[in-house]
Amino acid sequence: MGSGHGRTKGLLTQPLTSTASILIRNVLAPTDRSSNVTDAIRIPADLLPADGRFGSGPSKVREEQVAALAGVWQSYLGTSHRQSTVRSQVGRLRSGLASFFSLPEGYEVILGNGGSTAFWDIAAFGLIEDRAQFLTFGEFGAKFASGVKEAPFLGDPTIITSDPGDAPSFRAEPGIDAYCSPHNETSTGVAITPQRVTGADAGSLMIIDATSAAGGLAVDPQQFDTYFFAPQKSFGSDGGLWFALMSPAAIERAARIKASNRWISPFLDLQTAIDNSRQNQTYNTPALATILMMAEQVDWFNANGGLDWCVARTNESSGIVYDWAEASSVATPFVSDPAKRSGVVATIDIDEAIDATIIAATLRANGILDTEPYRKLGRNQLRIAVFPAVEPDDVRQLMRSIDHVIGQLQ
Ligand SMILES: Cc1ncc(COP(=O)(O)O)c(C=O)c1O
């Protein structure tokens, strides 16, 4: 595993003085400018983070997780997912998650293939009875809502929207049987606090897309019926699976819909996933490496103090980024309300005088990866993910690196 310092070696053949880089900036045409400036700015090694992965997913996988996988390459990898070697890892992961989230009696950890995107459709087929209410405040929440809106077997959902950078609130509405929202909108860096809706119909479910929130943001399981996520964010593993923490009410809802005459795509059948998960299996073949690396991560979390420890770490790291932006003359937190700022995905607007794409590209050329904003947001912005695996000291170094780059560009 190379450190950030190691990765930067060889990217630049010779260091350039800041005078040289200013010359390049002034002389080059805009189209040539970005790649040449990017290549010209070399961040001093003592400012670089030890690990340069700040992506919003896939995110940093720790060396220990990969070593654990390498340690079982012959006894686990390439073996049947229906046998006990693999099923015991699935079981380890399910019970690790149950204790990590302090799941109340009767809640179950369900999993299947297809990532969180598959779970949007699974919810449409097997959890929403007729009419859902959605909060949408970014790309991911909007996609979940639009899939349900198009489902011909469901009633028209209510969709409550706010502009990117803000988040709306649920309102109790007769006839709504599922309230659905992202916990953390990865595209904008806005987080809400999942909370049951006062005055909602009895039996209505709270369904939370926790893809980027789970493991890094505080949550009270009493406040949700389904909290679904994927392994490639806080759990520092690979994508492709979905996990859903389901309350007894949600499990009962899935069984009831399954027993009705409604057609359910077999691959997206939640009851099939529940039945398989109870046996520590998935309906079809899962990625074994993902399961093991995620189980390692959950055990690491639990050994260090569980969700509280993770949240303290992400708060510390995101606080470093937001404090830096508040103090900067060229940067501002994109989310103006501090209460809505995500503790795991920090979005920072950059003054228009400086091209944030050049900052991100320069960081990339120096081994600091994936600080680009969400592509469709279209802002002059950096997006920095600080999931629990990211060392707060690396975030401090990242801000020093960014200061260095901005200093060179000004
Ligand atoms: C909030 C949210 N929901 C859903 C998804 C889709 O997840 P997947 O890629 O596992 O399908 C993402 C991916 O980044 C996300 O951030």
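Analyst: Strands (E, at least two residues) and helices (H or I, at least four) are DSSP runs numbered from the N terminus. This is a predicted model, where local features need pLDDT of at least 70 and side-chain atom pairs count only at pLDDT 80 or more, while totals for chains, interfaces and linings use all residues. Residues are numbered from 1 along each chain as its sequence is written.

User: What makes strand 2 (residues 132-136) mostly covered?

Analyst: 5 of its 5 residues are buried. In a regular strand the side chains alternate between the two faces of the sheet. Here A132, F134 and T136 are buried on one side, and Q133 and L135 on the other, so both faces of strand 2 are covered.

User: How do you know which strands pair with strand 2?

Analyst: Two strands pair if DSSP finds at least two bridges between them. Strand 2 has 3 bridges to strand 4 (residues 178-182), in the parallel sense, and 4 bridges to strand 3, also parallel. Q133 has Y179 as its bridge partner in strand 4, and T136 has T161 in strand 3.

User: Why are strand 1 (108-113) and strand 3 (158-161) called edge strands?

Analyst: The sheet is an open one of 7 strands in the order 1-9-8-7-4-2-3, with mixed pairing. Strand 1 and strand 3 each pair on one side only, which makes them the edge strands.

User: What makes the protein chain as compact as a globular protein of its length?

Analyst: The secondary structure of the protein chain comes to 13 helices and 12 strands. Its radius of gyration is 22 Å, close to the 22 Å from the globule rule for 410 residues, so the chain is as compact as a globular protein of that length. The radius is taken over C-alpha atoms, and the rule is 2.2 Å times the number of residues to the power 0.38. Buried residues make up 48% of the 410.

User: Which element gives the largest share of the shell around the ligand, and how is the shell classed?

Analyst: Helix 6 gives the largest share, 3 residues. A residue is near a molecule if its C-beta atom, placed from the backbone, lies within 6 Å of it; among those surrounding the ligand are G115, S116, T117 and D209. By class there are 3 nonpolar, 8 polar and 1 charged residues. Ala, Val, Leu, Ile, Met, Phe, Trp, Tyr, Cys and Pro count as nonpolar, Asp, Glu, Lys and Arg as charged, and the others, Gly among them, as polar.

Notes:
Buried ≥ 20, exposed ≤ 12 C-beta atoms within 10 Å, placed from the backbone.
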